[in-house]
Amino acid sequence: MEFKLIIKKINDTLSPEEESIFDTWYNESASNRKYFEQVQNNFETTIEDVDLDAAWNVINKKITPQRNKKPYYKYAIAASIALLLGTGIFYFSKPKAEIIQVAEKPQEIAPGGNRGILTLSNGKQIVLSDISAKDTIAKEGEKEEVTIKVSANGVITYIINPNANASKENSNAFNTLSTPTGGQYNIVLADGTKVYLNAVSSIKYPTQFNGDQRIVELDGEAYFEVAKNKNKPFIVKSGEQDIEVLGTHFNVHAYDNESVVKTTLLEGSVVVTYKNQKAILKPGQQSNVSEKNARIAIRDVDTEATIAWKNGRFKFDNADLKTVMRQLERWYGVKAEYRGDVSDVRFNGGTFMNKNLSEVLKVLELSNIKFKVEGKTIIVYP
């Protein structure tokens with residue numbers, strides 16, 4: 001963990017990708033959490049722009065030879081001195097001008113974008129927003145059989161070296177692509193299958209498909225365009241549900257905070273298995289499975305509304321209020337708070353996902369509901 005990320009966390013200036021990295025480090029151990037609390041107690045101001053390395057170089061000449069050698073210690077001292085110097089300069093140079101109170105303009109909450117984190121088989125994490133287009137991100141395999149690249153339009157692609165022999169030794173090398181709040185990312189797997197990953201989701205997959213099946217694991221939501229291969233079924237695992245296909249297009253909605261796992265088929269056919277139940281979907285159908293229901297429920301749906309997120313749109317087909325608000329929470333990084341009875345509110349229609357939150361809420365208010373934004377909280381009331 002870079003010390004600067006800890007300082008940015010204290011100042012609430014982490015990007016969504018950095019927030020994910022920080023959360024992983026913070027939850028890793030009690031000692032990490034204790035260290036963060038110690039730093040937080042000592043730095044309660046904005047020091048994001050302070051050059052910590054330069055500050056340390058200045059004071060390093062005067063420090064005693066018995067100084068602490070832990071890497072974060074030098075930054076802590078440097079940051080403290082830089083902070084004191086900054087405060088002193090402000091105190092002596094502050095002009096005696098009349099203070100004019102200016103009404104604070106509510107801060108706009110911007111939409112999400114193309115953001116993700118790639119975790120390689122060796123555990124290394126790559127923040128994809130930091131990668132330039134057409135860069136080779138990494139190579140996988142003992143003999144570097146697989147090259148991972150980012151295309152000009154921001155899509156991860158796995159390319160197998162045509163001269164490499166398919167080896168069972170690499171069958172257990174897995175990568176994971178995850179998206180933070182307000183992030184989406186697209187990927188082309190080693191077999192040519194395209195996956196569109198929605199916000200707050202992750203997919204774990206082998207770097208190449210060497211066995212008799214192509215198996216991936218999904219948490220959250222993704223749209224699949226599976227490359228055809230009748231000799232090697234493609235299987236998506238989400239909790240206790242398995243989806244088996246040979247080559248088709250479908251959407252899987254499997255968030256932990258949603259009570260129902262939904263699989264929607266657009267073309268071809270898929271077999272959905274849940275516990276001891278099995279069902280075959282036709283295009284335009286959606287399967288629903290949940291802990292409350294013993295069987296797989298199938299219904300006809302508006303497939304355009306189901307995959308609207310992939311096309312940069314919110315589209316609601318008689319959607320209930322809390323379902324809509326959970327989408328906004330994942331895309332804008334906010335939390336919804338409900339006041340009063342709003343249980344009967346339903347939404348139809350939609351808008352574009354590249355709009356600021358305030359613009360989206362104005363559209364939703366056409367359904368006789370009201371919103372008030374306080375910081376990162378949306379207060380909903382009748």
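Helices (H or I, at least four residues) and strands (E, at least two) are DSSP runs, numbered from the N terminus. The structure described here is a predicted model, in which local features need pLDDT of at least 70 and side-chain atom pairs count only at pLDDT 80 or more, while totals for chains, interfaces and linings use all residues. Residues are numbered from 1 along each chain as its sequence is written, and side-chain values use heavy atoms, with hydrogens and water left out.

The protein chain contains eight helices and 24 strands. Of its 382 residues, 41% are buried, where buried means under 20% relative accessible area, exposed means over 50%, and partly exposed lies in between (1.4 Å probe, protein chains only). The chain exposes about 21,900 Å², of which carbon and sulfur atoms supply 47%; accessible areas come from the Shrake-Rupley method with a 1.4 Å probe, and for residues only the protein chains shown count as cover. Among contacts (heavy atoms within 4.5 Å) with a separation of 6 or more, residues 24 or more positions apart account for 49% in the protein chain.

Confidence is expressed as pLDDT, the predictor's confidence in each residue, from 0 to 100. The protein chain has a mean pLDDT of 82, and 80% of its residues reach 70 or more. Confidence is highest in strand S9 (residues 194-197), at a mean of 98, and lowest in helix H5 (residues 71-93), at 46. Over residues 44-50 the pLDDT is below 50, and this stretch has eleven contacts in the model beyond near neighbours in sequence. The pLDDT also stays under 50 over residues 58-69, for which the model has eight contacts beyond four places in sequence. Where pLDDT is low, the predicted coordinates should not be read in detail.

H1 is followed by aspartate 12, whose phi is positive, near 60°. Helix H2 (residues 16-28) has 13 residues and reaches 18 Å from its first C-alpha to its last, close to the 18 Å expected at 1.5 Å a residue, the expected span being 1.5 Å times one less than the number of residues. Its buried residues are Glu17, Glu18, Phe22 and Trp25. Seen down the axis of H2, these buried residues fall within an arc of 135°, so they line one face of the helix; the arc is that of the directions from the helix axis to the C-beta atoms.

In helix H8 (357-364), the residues Leu357, Val360, Leu361 and Leu364 are buried. Viewed down the axis of H8, they fall within an arc of 100° and so line one face of the helix. An α-helix has 3.6 residues a turn, so residues three or four places apart point the same way. The buried residues of H8 pack against S20, helix H7 (321-332), strand S22 (346-352), S23 and strand S24 (377-381).

Strand pairing, which requires that DSSP finds at least two bridges between two strands, is seen between strand S5 (residues 146-150) and strand S6 (residues 155-160), which pair in the antiparallel sense over five bridges. Threonine 147 has isoleucine 159 in S6 as its bridge partner. S5 and S6 form a hairpin with four residues between them, and glycine 154 in the turn has a positive phi of about 75°. S6 is also joined by three bridges to strand S8 (residues 183-188), and these two strands run parallel; here the bridge partner of threonine 157 is valine 188 in S8.

Two asparagines have a positive phi. Asparagine 318, which lies in strand S20 (residues 313-320), has a positive phi of about 55° although it is not a glycine, and at 42% relative accessibility asparagine 318 counts as partly exposed. Asparagine 368 lies in the loop between helix H8 and strand S23 (370-374); its phi is near 60°, and asparagine 368 is exposed, with a relative accessible area of 70%.

Tyrosine 338 lies in strand S21 (residues 335-338) and, at 29% relative accessibility, counts as partly exposed. Tyrosine 338 and tyrosine 381 are 43 residues apart in sequence and 6.2 Å apart in space, C-alpha to C-alpha. Not counting residues up to four places away in sequence, tyrosine 338 touches Leu321, Lys322, Met325 and Val380.
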